[in-house]
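Please read the following report with the sequence and the three-dimensional structure at hand, and look up each part of the chain as it comes up.

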Amino acid sequence: MIASVFDCDSCSFTHQFKLNFLETEKVAIGHLVSSEDISAGGHLWRIKCYPRGDRKENYGQYLAIYLQHQSKSKDAEAIFEAFVMNKDGTASSSQRKRQVRVFTSKSSAKESWGWTRFVERSVLESLYVTNSGSFIIMCGVKILHEDSLEVPPSDMGNHFGLLLDCAEGSDVSFIVDGEKFLAHRGCSMADSKMPSITLHDIAPATFKVMLRFIYTDAYPEEDELGDSYDMVRHLLAAADRFALDRLKIFCAADLWDNVLVDTVATTLICAETYNCPQLKKKCIDFIAEDNNFKKVVLKDGFVQLAQQFPAILDELREKVGV
């Protein structure tokens, strides 16, 4: 069993539990895997994980996880968020929980707050255990200021971005056209025990943008995309290749938002190549408009479209009525 801490700033931190599923099958109900004391926001904190739960009435069928306030000098308000990592290194949207809690100094014992039934172990085994036999629980904590009135949005993506930038604790590297990218198995698509993985048919610039998306779940700003149109097309190809469906939707939306008579045929090629049916429909509807159709057929991209996907011409003829 492995637990790693990444403390990114004075008022927040993230913590990772990486556990071997078969090993956790052998432990007793109430067996604790805990972080060390972590200082953030002027308080000490500890995250406690019970791989088979902490209550006998749940028969060891659930993993439990709690945030414990170690300091007793003053009250503290904190956001506690936890989620399971998918096999591809992205955050699960279904096994994700978040709460805001005020920990009081008046309590006689160290307060803990979390979920006694965070995730069912059968779900962990069927959906989240990687080929190496492990699963990962990511936790994030943000301590709120005393005068805070509104709950800020989650900024765990920023923390993972900082983790990528500093490469602290990296345990795998990707070699792309001779350029090395350091990463963490729990936050990337690496599901191999090899310390170095060489990837082909992807440009380093594209891989860099894709890797940051995997860590932060945030679509890049325009200045990060360089030659925006070409980069988005390459990013869409990479997202399709590595089954990053959310990134595919972002890329498809970006291509559509910037569609022009000059580019729509090329965008339609991308939509058909990388299985983006909504983008494909929008492009066909765009071309089928009278004023657009007469202009698009004169573009080089339309010739390429006809050569690569002649069946699409039938769809266009039916739409245009020619």
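## Helices α6 and α8

In this predicted model, helix α6, which covers residues 245-257, and helix α8 have axes that come within 10 Å and cross at roughly 10°. Angles under 35 degrees count as roughly parallel, and α6 and α8 are therefore roughly parallel to each other. On the side of α6 the contact is made by Ala252, Leu255 and Trp256, while α8 contributes Leu279, Lys282, Cys283 and Phe286. Sorted by class, the contact of α6 with α8 has six nonpolar residues, no polar residues and one charged residue.

## Helices α10 and α11

A second pair of helices has another arrangement to look at. The axes of α10 (residues 300-308) and α11 (residues 310-320) come within 5 Å and cross at roughly 110°, and that makes α10 roughly perpendicular to α11. Where the two helices meet, Phe302, Leu305, Ala306, Gln307 and Gln308 belong to α10, and Pro310, Ile312, Leu313 and Leu316 belong to α11. By class, the contact of α10 with α11 has seven nonpolar residues, two polar residues and no charged residues.

Which residues of α10 are buried? They are Gly301, Phe302 and Leu305, and because they cover an arc of only 100° around the axis, they are on the same side of α10. On the other side of α10, Asp300 and Gln307 are exposed. The buried residues of α10 pack against α7, α9 (290-296) and α11.

In α11, the buried residues are Ile312, Leu313 and Leu316. Seen down the axis of α11, these buried residues fall within an arc of 105°, so they line one face of the helix. Just after α11, glycine 321 takes a positive phi of about 85°.

## Helix α2 and its neighbours

Helix α2 spans residues 121-128, and its buried residues include Arg121, Val123, Leu124 and Tyr128. Seen down the axis of α2, the buried residues fall within an arc of 155°, so they line one face of this helix too.

## Two buried loop residues

Glutamine 70 has its place in the loop between β6, which covers residues 62-69, and β7, which covers residues 76-85. Buried means under 20% relative accessible area, and at 11% relative accessibility glutamine 70 therefore counts as buried. A polar contact of 3.2 Å joins the side chain of glutamine 70 to the side chain of aspartate 37.

Glycine 89 lies in the loop between β7 and β8. Is glycine 89 buried or exposed? At 3% relative accessibility, glycine 89 counts as buried. Glycine 89 and isoleucine 136 are 47 residues apart in sequence, and they are 9.1 Å apart in space, taken from C-alpha to C-alpha.

Most residues other than glycine have a negative phi. Aspartate 201, however, has a positive phi of about 60° although it is not a glycine. Aspartate 201 lies in the loop between β13 (196-199) and α4 (204-216), and at 81% relative accessibility it counts as exposed.

Asparagine 275 has a positive phi of about 55°, and it is not a glycine either. Its loop is the one between α7 (264-273) and α8 (277-288). Asparagine 275 is exposed, with a relative accessible area of 57%.

## The chain as a whole

The secondary structure of the protein chain comes to eleven helices and 13 strands. Of the 322 residues of the protein chain, 48% count as buried. Among contacts between residues at least 6 apart in sequence, 61% join residues that are at least 24 apart.

How values were computed
Residues are numbered from 1 along each chain as its sequence is written. This is a predicted model: local features need pLDDT of at least 70, side-chain atom pairs count only at pLDDT 80 or more; totals for chains, interfaces and linings use all residues. Side-chain values use heavy atoms; hydrogens and water are left out. Helices (H or I, at least four residues) and strands (E, at least two) are DSSP runs, numbered from the N terminus. Buried means under 20% relative accessible area, exposed over 50%, partly exposed in between (1.4 Å probe, protein chains only). A polar contact is a pair of N or O atoms within 3.5 Å; within protein, one must be able to donate a hydrogen and the other to accept it, and residues adjacent in sequence count only if both atoms are side-chain atoms. Axes are lines fitted to C-alpha atoms, for helices over the stretch in contact, and angles run from 0 to 180 degrees between N-to-C directions. Angles under 35 degrees count as roughly parallel, over 145 as roughly antiparallel, 65 to 115 as roughly perpendicular and the rest as oblique. Contact means heavy atoms within 4.5 Å. Ala, Val, Leu, Ile, Met, Phe, Trp, Tyr, Cys and Pro count as nonpolar, Asp, Glu, Lys and Arg as charged, and the others, Gly among them, as polar. The arc is that of the directions from the helix axis to the C-beta atoms.
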